[in-house]
Amino acid sequence: MNEELILQHGLTLDEFHVIRKYLNRDLSIEELGIFSAMWNEHCCYKTSKKWLKKLPTDNEIVIQGPGENAGVIDLQDNDGIAFKIESHNHPSYIEPFNGSATGVGGILRDIFTMGARPIATLDSIRFGLIETEKTKYLLNGVVNGIGHYGNCIGIPNIGGECEFESTYDFNNLVNAMAVGHVQKDKIFYSKPKSIGGLIVYIGSKTGKDGIHGASMASDVFSEEDEDEKRPSVQVGDPFMEKLLMEGCLELMSSGLIESMQDMGAAGITSSSVEMASKGNVGVYINLDKVPLRQPLSAYEILLSESQERMLAVIDKKNNHKVREILQKWQIDYEVIGEITDTKRVVFESNNKKVVDLPVEIIVNDAPEYDREFYIPKKRKNKDFDFSKIKLEDMIINLLTNLNYLDKSWVFDQYDSTVMGDTIREPGQSSGIVKIHGTQKVIGASTDCNPLYIRINPYEGMKYTVAESYRNLIACNINPLAITNNLNFASPLDPNIMGELVLSIHGLKTAAVKFNTPIVSGNVSLYNQTNEIPIKPTPVIGMVGSNMDLNKINTNKFCEIGNKILILGKQLTKNCSPYLLQDQKIAFNICEFNDLEVLDLDFEKKIANCVLELSDLKCIMSCNDISRGGIFSALLKMQYKDMGFRVKVPDPIDLFCEYSAGYVIEIRSKDFEKVTSFLTKKSAEYLEIGEIIKEGIEINSKKFDYFDIMNKYRNDFEKIIS
Amino acid sequence: MSFKSAVITFPGSNCDRDALCYLKDLTKGEVHNIWHEETSLPKVDLVILPGGFSFGDYLRSGAMASKSKIIDEVVKHANDNRYLLGICNGFQILTEIGLLEGALIRNKKLKFLGKNCFIKKKFKNNFNLSIKDNQILQIPVAHNEGNFYCDTETLNLLKNNEQIAFEYCKGEFSNTEENINGSIEAIAGITNKKKNVLGMMPHPERAYSDFHQSQDGRLIIESLIS
């Protein structure tokens, strides 16, 4: 086989020789395609596996950890929660609308494949600087795509994040997360149960879209590639997905399905290989039976990533009933093969075996690399000059920075109340939905602090996990488990690889301390274009619960006259990275001081105080303190024309970042009770002011409330248009 | 006498479950879910055409659903002087059937709009009896094509016959919009001439339970039952 062809398929020559030696024969082009699809980073985690294995993935509530379509946790009674986050970065750069739409579609299929009904989505999206027309185009396309798919299928979007930073100029990130509800005794797995079971194809017909999508997702880009790669982006049809979802859920609840796999990345290849591998069985598939949208070669059918397709295994005797249900939902359905005892993957086309491979070589012998990595150098300590900083300028710096402005423009394009169970919509510290027909609620948040992680990947990752944790705590949601999406540049660069290794280590430390295991996840590497790597962006999706919806906190001010208290510990001015960056004090990444070590026990202690005070109904509203400090937290809390009057020793304190930082609103009559509670727990607090009508007042200086609020609420749209 | 109702489900409907819960919780009576391919409707007091993207909104929002088998029965139900409520996509379907005047075109900013909106009643009918004049209701909208449009002649008819049921308005606090999607005369919902058929873009079925942000959506069912 010629070298060029091998390299085109994203395999190294060494990798190819391993296969060649094992088989002791030449490969067919179809077989080469299969290895190309299965041995790339996206499917086999060859670079990250060694490190991912170190993550905590189990505790008493984990029903299913990583390795299935989604992780599942136990929510008492017969309720389980399935969730996962997944990236669609490269497709969303090449074709933002369809790239992001199919990202949502893919993650929803991962959820309902488990037998779970999706009940919420979130998304973490990052773009380059808005000054370029390209970013505006990408932002519009991505938000439109996410909205189009989720709105049409009818799953509420309850939150996420949207950030802008120059390293994402040519590598925007689109990470979509979905949460589903499943009855614990009705969870479906990808493992087939019996030899002789029929393999059935359910859903849209197969077309040319997305061929080699998974290997594209594991590639470094150059700008010229964009047009050439566009045909690799899949096209989504949310209406089809809605039918597919309802059809599949009906099949599963009728007990007609043995196992199910979504045809996602690497399509029919990856779903059938995984099925065989999980069940330790073989599969035989006749490609001539696959429903096609257009004439395709066997090679193309194997690698197509056409959307809205599922592969299922059913008992022969159920064939007729399955067909009937799918006919009602107007879904294509075809028996295309069966489960065998050969432990081989066999694909036939035109009466010829085009693929005949042992499952073992594809899955178990997939490469695993221990790539070289560097530990970042220790940073020198430096004192920054804050003498020229004025309060007015600090406020203007926030109000002219997209990252601080109200993102209604984004989430107003999403339906966040469909399904009728939404309790907290986007724009609050965490999104919250009710489990239908119960008093239980699920909260979820996605977060990442790339700047922190670039400064110190290990500590920075701890801060990232802690931020998600605080987002849930602020709403009185008990954090339970994590899904992660590790977005990095090329791991062939030992510095980048070092960030990957250390941040996984930080994730592990924090997840162990918070008892929030990682139950699902995704890795997206090679996010760099024209030699510009993205900042390390390991996004965390954290899920938690409260068994009583009446105990949930709001993040919005409740009543004029109530007091404002601050919990937690302020980071020093010299060690507040976002303060230094966004107030234009530090410009270059090498200028920053190292991060303060985050005390996770302290995080837990303060979090427990917030949870207990919430249960005592002493907290009227609460928000976590993150980028932009207390000031930004207070802006987000404004509601019904209520503002705030605060006094602090140094106005800069209002913009510093925090560990275990929370703003809490309490009634005057609860002041004694709350403060003595906090004193008893030896949790320091700071009383900084009160809620007032239509005003913002800092150290007796009055600001124009409506001017600030107008900018905060409406300037996002002005800046991006 | 108990209040009976039904919700029609089309392929792509995604607020049918919400509408069923809304009816079950508020009417306490029999509630039926009817698949679009059925050819008969039980005798009920109210039929809801729910929100969603029936048939993927392909061709035109509501256009394909308006040709479903069940529609003949829905029309008979309305001609029998019984209540018919179309919410969001249901409103679009009603205009496509021709039971209601006008059309729903794309929102003025050409973007999907998913947020709380504020409405008040314009002319009295059986769907808004329990709502006070000038009472502002907070109810979510979620639509791409909710911008009500009709020609001047039709608009005059709607006004003269007092067929405008709801109009968008500003909320109590700052930063709320007068006319959220650009509808002609800020129309949020209209009835037919006999006032037994109502189409509205806001979703009352998402604003009735204690845990919802607002409970104003109850008033519509309460009006019908009272």
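Biologist: Before we start, what kind of model is it, and what are the cut-offs?
Modeller: It's predicted: local features need pLDDT of at least 70, side-chain atom pairs count only at pLDDT 80 or more, and totals for chains, interfaces and linings use all residues. Residues are numbered from 1 along each chain as its sequence is written, chains are lettered from A in the order in which they are written, and side-chain values use heavy atoms, leaving out hydrogens and water.

Biologist: OK, how many helices and strands in chain A?
Modeller: 25 helices and 28 strands, taken as DSSP runs (H or I, at least four residues, for helices; E, at least two, for strands).

Biologist: And what does chain A span along its principal axes?
Modeller: The C-alpha trace covers about 85 × 50 × 45 Å.

Biologist: How much of chain A is buried?
Modeller: 67% of its 721 residues, where buried means under 20% relative accessible area (1.4 Å probe, protein chains only).

Biologist: Switching to B:His36, where is it found?
Modeller: In chain B, B:His36 is in the loop between strand S2 (31-35) and strand S3 (46-49).

Biologist: Buried or exposed?
Modeller: B:His36 is buried, at 4% relative accessible area.

Biologist: So which residues does B:His36 touch?
Modeller: Leaving aside residues up to four places away in sequence, its contacts (heavy atoms within 4.5 Å) include A:Gln330, B:Thr9, B:Phe55 and B:Lys69.

Biologist: How far apart are B:His36 and B:Thr9?
Modeller: 27 residues in sequence, but 5.8 Å in space, C-alpha to C-alpha.

Methods. Buried < 20%, exposed > 50% of the residue type's maximum accessible area, 1.4 Å probe, protein only.
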